[in-house]
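I opened this notebook to keep track of what I looked up in the model. The entries below go through rings, charges and a pocket in turn.

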Amino acid sequence: MSARLPVFPLGTVLFPGLVLPLHIFEERYRALVRHLVGLPDGAPREFGVVAIRAGWEVAPTGPNGRPLPGGGEVTLHEVGCTAELRQVTELADGGFDIVTVGRRRFRIADVDSGAAPYLTAEVEWLPEPGGPDEVADLLAARVIAVFRQYLGLIRADPGEISEQLPEDPTVLSHLVAATAALTVADRQRLLAIDDTAARLRAELRLLNREAALLRQVRAVPVPLAELASPPTPN
């Protein structure tokens, strides 16, 4: 099943169930927000968030403030996630502060830059797992344990690690992917995985990799302050 969506290119990856606040100041995306707000009651107020592979979030402008011809072109990743509009605050300058929540994953089939002031795309919805999965449940328990160890390495006070992590394997996989200190490329690969168990396996590898790197950094025998200046000759 396919659909046409407004598309918002960003330098980040959105996952289902995660909150994404945005400050809207470019006119083309102001038009997008006005379009969503003007939809009939009951219509889904959502747009596609897609990570940028190459290019810029903000279109370059000339001295007159108008976008330069061809200056706003971006290359997008194929897989994105819709953002459902939950809260809109209109600002005095005509911009908006909005709060969105990730809803469903999709793959881009075709992008149209001329049908609206903003990009639109023909998208295919990606499958989401349904029903119990014993393998995913077992992997989720392992991911929770490793993720807590990872949080203990990146937080100054281990006592801060009190948040309740979700038990649902799919929800957990999206939360870990969005909150761990990963690159956009790593997050994009996780978003594109259809199977929850496969995503959790990939996260175990990434978390173990990041934890090993953090332990190595903390094991540096020389005080960090001394690394800022040349060593004193003997």
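I began with charges over rings, and I counted a charge as sitting over a ring if NZ of Lys or CZ of Arg is within 6 Å of the ring centre and within 35 degrees of the ring normal. With that rule in hand I found Arg104 over the face of Trp125, at 3.7 Å from the ring centre.

Before going further I noted the terms of the work: this is a predicted model, in which local features need pLDDT of at least 70 and side-chain atom pairs count only at pLDDT 80 or more, while totals for chains, interfaces and linings use all residues. Residues are numbered from 1 along each chain as its sequence is written, and side-chain values use heavy atoms, with hydrogens and water left out.

**Aromatic pairs**

I took rings of Phe, Tyr and Trp (for Trp the six-membered ring) as paired if their centres lie within 6.5 Å, calling planes under 30 degrees apart stacked, over 60 edge-to-face and the rest tilted. The structure holds four such aromatic pairs. One of them is the tilted pair of Phe8 and Phe47, with 5.9 Å from centre to centre and 35° between the planes. Phe8 belongs to strand E1 (residues 2–10) and Phe47 to strand E3 (residues 46–54), so that distant parts of the chain, 39 residues apart, are linked; helices (H or I, at least four residues) and strands (E, at least two) are DSSP runs, numbered from the N terminus.

For burial I used relative accessible area (buried under 20%, exposed over 50%, partly exposed in between, with a 1.4 Å probe and protein chains only). Phe8 is buried at 8%, and Phe47 is buried at 1%. I then looked at Phe106 and Trp125, whose ring centres are 6.4 Å apart with planes at 85°, so this pair is edge-to-face. Phe106 lies in strand E6 (residues 96–112) and Trp125 in strand E7 (residues 120–125), so the pair ties together parts 19 residues apart in sequence. Phe106 is buried, with a relative accessible area of 0%. I also recorded that ring pairs link Phe8, Tyr29 and Phe47 into a cluster.

**Salt bridges**

My rule was a side-chain nitrogen of Lys or Arg within 4 Å of a carboxyl oxygen of Asp or Glu, and by it the count comes to 13 salt bridges. Which residues does Arg105 meet in salt bridges? The side chain of Arg105 meets that of Glu128 at 2.8 Å, N to O, and Arg105 also forms a salt bridge with Asp194, the closest N and O atoms being 2.9 Å apart. Arg105 in strand E6 and Asp194 in the loop between helix H4 (184–191) and helix H5 (196–218) are 89 residues apart in sequence, so this pair ties together those parts. Arg105 is buried, with a relative accessible area of 0%, whereas Glu128 is partly exposed at 36% and Asp194 is partly exposed at 32%.

Elsewhere, Glu27 and Arg34 form a salt bridge with closest N and O atoms 2.5 Å apart; Glu27 is partly exposed at 46%, as is Arg34 at 42%.

**Second largest pocket**

I took a pocket, on a 1 Å grid over the protein atoms alone, as an open set of points where a 1.4 Å probe fits, with protein on both sides within 12 Å along at least five of seven lines, and lining residues as those with an atom within 4 Å of a point. The lining of the second largest pocket includes Pro129, Asp133, Asp168 and Thr196, and helix H2 (134–154) and helix H3 (169–179) are the elements that give two or more residues to it.
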